[in-house]
Amino acid sequence: MNRILALRLLDAADDAAVIIDAGSRIRYANDAMYALSGYAAGSLPGQPIEALLPDAVREQHGAQIGAYLAGYTKSRVLGHKRHFAIRHRDGTMLPIVLKAMDLGTLDDENFMGAFFIDQRRELAIEQQNAARWQQLQRIALSDPLTQLPNRRAFEIDAVRTAARSKRSGHPMTIGIADIDFFKHVNDQHGHAAGDAVLQAIAAIILAQARAADVVARVGGEEFGLLFPHTDLARARQVAERIRLAVAAAQVDVEHAPIAATISIGLAPLPADGDWKAGFTQADAALYQAKKNGRNRVEQA
């Protein structure tokens with residue numbers, strides 16, 4: 001009676017369960033196992049358990065069971081929970097938590113059992129949570145108007161880039177670009193027009209910068225620039241390209257073209273790797289560019 005009741009309990013269990021013999025043949029599978037694996041009810045007994053196993057363990061499984069039953073090796077699986085995967089009837093691999101156990105002997109035969117706990121829902125929730133976290137991180141580190149990285153993101157990149165530059169000994173240049181007379185744009189055309197100019201200039205700077213460069217909006221009309229592996233001379237060439245592209249562009253706002261220019265200050269990363277000191281020097285160079293007539297690049 002106890003055996004019959006135990007089988008009824010297994011049949012009604014939510015987790016998939018199988019019993020195999022010493023030859024790795026399935027002798028029992030509960031209803032949850034058929035639902036999980038996609039096999040037709042009653043079709044698994046007599047089949048080798050290897051049909052459900054990943055390729056990486058399929059060939060060695062029978063030999064490992066034989067060695068364990070012969071007392072040659074201890075099992076690293078039996079009696080422990082481990083993350084695993086089984087093969088669905090359609091060939092896809094299903095993530096599960098495996099709990100296998102030695103069931104001992106019955107009628108002079110050795111048997112082993114295993115529960116397979118479906119992990120698909122848990123993994124899907126983890127992936128959703130990870131995606132939400134990444135989205136929140138992107139929101140926290142991006143400027144909503146220009147879609148560029150914001151000041152916080154710029155500072156994080158600056159710390160990392162400066163540290164790499166100091167370790168490698170490669171040069172790095174820091175820059176600040178500022179839209180000239182931006183207050184006049186807002187005063188004459190309104191803040192909506194000012195936003196459109198900011199978006200357009202942000203797109204131009206990003207398009208003219210190199211793939212490895214960092215462009216971020218660090219203030220109202222200020223953009224932070226990082227030029228990794230770049231000395232002042234090369235950074236100035238890139239900055240001039242950016243400046244000329246901005247000066248050549250016009251932003252159409254309600255059919256009224258608005259022209260704008262930018263001034264850029266550049267400074268090398270100090271030898272001690274203090275990017276903030278370099279940023280301060282770049283800001284001083286930007287002030288000099290403004291003082292010298294704007295729409296120009298100056299370097300510290």
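Predicted model: local features only at pLDDT ≥ 70, side-chain atom pairs only at ≥ 80, totals over all residues.
**Entry 1**

I then looked up the pairing of strand 1 (residues 16-21) with strand 5 (residues 109-118), which is antiparallel and runs over 6 bridges; within it, Ile19 has Gly113 of strand 5 as its bridge partner.

**Entry 1: Ile49**

Next I looked for Ile49, and I found it in the loop between helix 2 (31-37) and helix 3 (55-69). Is Ile49 buried or exposed? With a relative accessible area of 5%, Ile49 falls under the 20% cut-off and therefore counts as buried. Setting aside residues up to four places away in sequence, I listed its contacts as Val18, Ile20, Ser24, Ile26 and His61. I also noted that the C-alpha atoms of Ile49 and Arg27 are separated by 9.6 Å, although the two residues are 22 residues apart along the chain.

**Entry 2: Ser37**

Ser37, which lies in helix 2, has a relative accessibility of 0% and so counts as buried. What does the side chain of Ser37 reach? I found that it reaches the backbone oxygen of Met33, at 2.8 Å. Apart from neighbours within four places in sequence, Ser37 is in contact with Leu44, Leu52, His88 and Arg89.

**Entry 3: the mixed sheet and its helices**

I then turned to another open sheet of 5 strands, in the order 7-8-6-11-12, for which I recorded mixed pairing. Strand 7 (214-217) and strand 12 (297-299) stand at the edges, and since each has a single partner strand, one side of each is left without a neighbour in the sheet. Neighbouring strands here are turned against each other by 20 degrees on average, with direction ignored. Strand 11 (residues 262-268) pairs with strand 12 in the parallel sense over 3 bridges, and Val297 in strand 12 is the bridge partner of Ile264.

Two helices came up when I checked what lies across these strands. Helix 5 (residues 151-168) lies across strand 6 (172-179), strand 7 and strand 8 (222-228), and it runs at about 20 degrees to strand 8. Helix 7 lies across strand 6, strand 7, strand 8 and strand 11, and its angle to strand 8 is about 5 degrees. For helix 7 (residues 191-208), which has 18 residues, I noted a reach of 26 Å from its first C-alpha to its last, close to the 26 Å expected at 1.5 Å a residue. Its buried residues include Val197, Leu198, Ile201 and Ile205.

**Entry 4: the hairpin**

Last, I looked up strand 9 (residues 250-253) and strand 10 (residues 256-259), which run antiparallel and are joined by 4 bridges. Together they form a hairpin with 2 residues between the strands, and Glu254 in the turn has a positive phi of about 50 degrees. Val253 stands opposite Ala256 in strand 10. As for the faces of strand 9, I noted Val251 and Val253 on the covered one, and Gln250 and Asp252 on the uncovered one.

Note on methods:
Residues numbered from 1 in each chain as written. Heavy atoms only, no water. Buried < 20%, exposed > 50% of the residue type's maximum accessible area, 1.4 Å probe, protein only. Contact = heavy atoms within 4.5 Å. Polar contact = N/O pair within 3.5 Å; in protein donor to acceptor, adjacent residues only side chain to side chain. Expected span 1.5 Å × (residues − 1). Pairing = 2+ DSSP bridges. Axes fitted to C-alpha atoms, helices over the stretch in contact; angles between N-to-C directions.
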